[in-house]
Amino acid sequence: MTIFEVLAEPNRRRILDLLAETERPVGELVQGLELSQPAVSKHLRILREAGLVEVRGDAQRRLYRVRPEPLRAVDDWLEPYR
């Protein structure tokens, strides 16, 4: 799946919007998106596989955050079209 295919899905973009503010555990994303936990986890897996988010352990929680590098590549690609 290309990065554009990953970003085309609205719920994935909403997840990135929430993670752009601060890193969050899945539970906070579920509340913020009003999606089921399995649906959020599926989207996070796809975002992780695309390199757009990363996860770190914090005691019992897993915290997700945006990885800006792949998004910079998209921004660089878009630059000539502005």
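User: How many salt bridges does the structure hold?
Analyst: Happy to start there. This is a predicted model, in which local features need pLDDT of at least 70, side-chain atom pairs count only at pLDDT 80 or more, and totals for chains, interfaces and linings use all residues. Residues are numbered from 1 along each chain as its sequence is written, and side-chain values use heavy atoms, with hydrogens and water left out. Taking a salt bridge as a side-chain nitrogen of Lys or Arg within 4 Å of a carboxyl oxygen of Asp or Glu, the structure holds 11.

User: Which strand holds R56, the salt-bridge partner of E23?
Analyst: The side chains of E23 and R56 meet at 2.5 Å, N to O. E23 lies in the loop between α2 (10-21) and β1 (24-25); helices (H or I, at least four residues) and strands (E, at least two) are DSSP runs, numbered from the N terminus.

User: How many residues apart are R65 and E23?
Analyst: R65 and E23 also form a salt bridge, at 3.3 Å from N to O. R65 belongs to strand β3 (residues 61-66) and E23 to the loop between α2 and β1, so the pair links distant parts of the chain, 42 residues apart.

User: Is D58 buried, exposed or partly exposed?
Analyst: D58 forms a salt bridge with R61, whose closest N and O atoms to it are 3.3 Å apart. Buried means under 20% relative accessible area and exposed over 50%, with partly exposed in between (1.4 Å probe, protein chains only). At 31% relative accessibility, D58 is partly exposed.

User: What arc do the buried residues of α2 cover around the axis?
Analyst: In α2, the buried residues are N11, R12, I15, L16, L18 and L19. They lie on the same side of α2 because their arc, taken from the directions from the helix axis to the C-beta atoms, is only 165°.

User: Which residue caps the N-terminal end of α2?
Analyst: The cap places a side-chain oxygen 2.7 Å from the backbone nitrogen of N11. That oxygen belongs to E9.

Terms used
A polar contact is a pair of N or O atoms within 3.5 Å; within protein, one must be able to donate a hydrogen and the other to accept it, and residues adjacent in sequence count only if both atoms are side-chain atoms.
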